[in-house]
Structure formats: structure tokens, C-alpha cells
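Subject: Structure handover

Hello,

Here is the structure I promised to pass on. Please open it first, then read the notes below it.

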Amino acid sequence: AGGRLLASVALATAIKSAVKAVVVRTRPYVLAEEGRYETGLMGPNEGPYNSFPSGHTANAVASARAVARVWPEATLP
């Protein structure tokens with residue numbers, strides 16, 4: 001179970017990083033504080049420009065899926 005979890009999170013992180021290298025979207029605080037929102041492809045990939053996709057969400061979904069495969073009764077929660 002632990003190995004499956006680590007592998008799932010590692011794969012999700014790799015995919016998320018590859019997408020972040022291509023997709024540019026400013027973080028929500030930039031809109032709130034500076035009044036600007038930028039999206040696009042192949043732009044800056046640091047700081048306020050790398051909000052998509054969410055690494056926290058990618059890792060949470062990968063973890064939940066890995067756990068559900070080992071313990072199907074945990075699928076619903």
C-alpha cells in the first residue's frame with residue numbers, strides 16, 4: 001500500500017510539473033491584490049505564474065485513488 005501510494009504521488013507530481021511547464025495561469029492572490037489575471041502557454045513558470053494545475057489537488061487525488069485500490073471500503077469517504 002505504501003509503495004503504491006508513493007508511486008501514485010510521484011506520477012501525479014511528474015505529470016503536474018510537466019503541465020505547469022506549459023500552462024501559465026496567475027495565482028488567485030494576483031487578481032485580488034493587483035487586479036490582473038493572466039493565462040497562456042509557454043510563459044513564465046515561477047512564483048505567481050504557476051497556479052495550474054494544483055499540486056495539492058493532484059497529490060490528494062493520487063493518494064486517495066491509491067488507498068481506494070488497496071482498501072476498496074475506503075472508496076466512498
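Predicted model: local features only at pLDDT ≥ 70, side-chain atom pairs only at ≥ 80, totals over all residues.

One cut-off before anything else: a residue is called buried under 20% relative accessible area, exposed over 50%, and partly exposed in between. Glu38 has a relative accessible area of 31%, so Glu38 is partly exposed.

The overall picture

The chain has 3 helices and 2 strands. Along the sequence they follow the pattern α-β-α-β-α. The chain has 77 residues, and 18% of them count as buried. Its radius of gyration is 16 Å, whereas a compact globule of 77 residues would have one near 11 Å. Taken along the principal axes, the C-alpha atoms fill a box of roughly 45 × 25 × 15 Å.

Contacts across the sequence matter for reading the rest. Take the contacts with a separation of 6 or more: residues 24 or more positions apart account for 51% of them. The chain exposes about 5200 Å². Carbon and sulfur atoms supply 65% of that area.

Charges and salt bridges

There are 8 positive and 5 negative side chains. The centres of the two sets lie 12 Å apart. How many salt bridges are there? The count comes to 2.

Arg36 takes part in one with Glu34, at 2.8 Å from N to O. Arg36 also meets Glu38 in a salt bridge, at 2.4 Å from N to O. Through shared partners, the salt bridges join Glu34, Arg36 and Glu38 into one network. Glu34 is partly exposed, because its relative accessibility is 48%. Arg36 is partly exposed as well, at 25%.

Around Thr26

Thr26 sits in the loop between β1 (23-25) and α2 (28-34). Is Thr26 buried or exposed? Its relative accessible area is 2%, so Thr26 is buried. Leaving aside neighbours within four places in sequence, Thr26 is in contact with Arg36, Tyr37, Glu38, Pro48, Tyr49 and Ser51.

Arg25 lies in strand β1. Arg25 is partly exposed, with 29% relative accessibility. Which residues does Arg25 touch, beyond those up to four places away in sequence? The list is Tyr37, Glu38, Thr39, Pro48, Tyr49, Asn50, Ser51 and Phe52. Pro48 is 23 residues from Arg25 in sequence, and their C-alpha atoms are 8.1 Å apart.

Tyr37 belongs to the loop between α2 and β2 (39-41). At 47% relative accessibility, Tyr37 counts as partly exposed. With neighbours within four places in sequence set aside, Tyr37 is in contact with Arg25, Thr26 and Leu31. Tyr37 and Lys16 are 21 residues apart in sequence, and 21 Å apart from C-alpha to C-alpha.

Val30 in helix α2

Val30 is found in helix α2. Val30 is buried, because its relative accessibility is 1%. Once neighbours within four places in sequence are left aside, Val30 is in contact with Gly35, Arg36 and Pro48. Gly43 is 13 residues from Val30 along the chain, and the C-alpha atoms of the two are separated by 16 Å.

Pro48 is among the contacts of Thr26, of Arg25 and of Val30. Arg36 is in contact with Thr26 and with Val30, and Arg36 forms salt bridges with Glu34 and Glu38.

Arg69 is in helix α3, which covers residues 55-70. Why does Arg69 count as exposed? Its relative accessibility is 53%, and the exposed class begins over 50%. Arg69 and Ala1 are 68 residues apart in sequence. Their C-alpha atoms are 8.7 Å apart in space.

If you have a moment, start with Thr26, which is buried, and then look at Arg69, which is exposed.

Best wishes

Key: Residues numbered from 1 in each chain as written. Heavy atoms only, no water. Helix = DSSP H or I, 4+ residues; strand = E, 2+ residues; numbered from the N terminus. Rg over C-alpha atoms; globule rule 2.2 N^0.38 Å. Buried < 20%, exposed > 50% of the residue type's maximum accessible area, 1.4 Å probe, protein only. Contact = heavy atoms within 4.5 Å. Areas by Shrake-Rupley, 256 points an atom, 1.4 Å probe, with all protein chains shown as cover. Lys, Arg positive; Asp, Glu negative; His and termini not counted. Charge placed at Lys NZ, Arg CZ, Asp CG, Glu CD. Salt bridge = Lys/Arg side-chain N within 4 Å of Asp/Glu carboxyl O.
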